[in-house]
Amino acid sequence: MKKVVFCCLFALCTIGAWAQPEPPKGQPRFDPQKFQQMVEESLTKAAELTADEAKSFFPLYTEMRKKQREMGRQIHELKKDAPQGNDKACAETISKIKRLQVEMAELEESYYKRFLKAIPAEKVMKVMKAEDDFHRRMVRGQRGQRPEGQRQRPAERGARR
């Protein structure tokens, strides 16, 4: 009887861990187009891109990010399906992952050269920094943290006396 109860509890816990939580009422699910628009608006503003510069830059940027996501997905799949208990197979998987990471770095380098033909180098640097800042803000938002520069009021921290 204890085994049956334990198995049922384990199954419920496992299913609960796999379940995707629903977004809070009134909050829509992730929208890739909206996210892309937010990225473009943020980068355009931070890098002070003109309409013409943005028009020539963002198709390249979007193309690069799409290829990087695909490579990242391949790396994730290799890690997820990593062989167990076989050193030779693990070494081959590691080699494939490292090869993909090198390819991703080479891809990024080639696109940055293309970016420099579309917009000035100073603006490419601003885009790079703005992209890091944007993603940092998004991660903080997902964790429920306040954006940088905003302090918590004493009442929000809890009274420490």
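**A pocket and the helices around it**

Guide: In this predicted model, the second largest pocket takes at least two lining residues from each of α2 (32-47), α3 (51-80) and α5 (121-143).

Visitor: Which helix gives the largest share of the lining of the second largest pocket, and how many residues is that?

Guide: It is α3, with five residues of that lining. The pocket has a volume of about 260 Å³, and the residues that line it include Pro-32, Phe-35, Tyr-61, Arg-65, Glu-131 and His-135.

Visitor: What makes up the lining of the second largest pocket by class?

Guide: Four of the lining residues are nonpolar, four are polar and three are charged.

Visitor: Which residues make the contact of α2 with α3?

Guide: From α2 come Gln-36, Val-39, Glu-40, Leu-43 and Thr-44, while α3 brings Ala-54, Phe-58, Tyr-61 and Thr-62. Sorted by class, the residues of this contact are five nonpolar, three polar and one charged.

Visitor: How do you know that α3 and α4 are roughly antiparallel?

Guide: Their axes come within 10 Å and cross at roughly 175°. Angles over 145 degrees count as roughly antiparallel, and therefore α3 and α4 (residues 87-118) are described in that way. The contact of α3 with α4 is made up of 14 nonpolar, six polar and seven charged residues.

Visitor: What is the phi of Glu-48, and where is that residue found?

Guide: Glu-48 is found in the loop between α2 and α3, and although Glu-48 is not a glycine, its phi is positive, at about 55°.

Terms used
Residues numbered from 1 in each chain as written. Predicted model: local features only at pLDDT ≥ 70, side-chain atom pairs only at ≥ 80, totals over all residues. Heavy atoms only, no water. 1 Å grid on protein atoms, 1.4 Å probe; cavity = no way out; pocket = protein on both sides within 12 Å on 5 of 7 lines; lining within 4 Å. Points joined across faces, edges and corners; volume = space filled by probe spheres on them. Helix = DSSP H or I, 4+ residues; strand = E, 2+ residues; numbered from the N terminus. Nonpolar A, V, L, I, M, F, W, Y, C, P; charged D, E, K, R; others polar. Contact = heavy atoms within 4.5 Å. Axes fitted to C-alpha atoms, helices over the stretch in contact; angles between N-to-C directions. Parallel < 35°, antiparallel > 145°, perpendicular 65-115°, else oblique.
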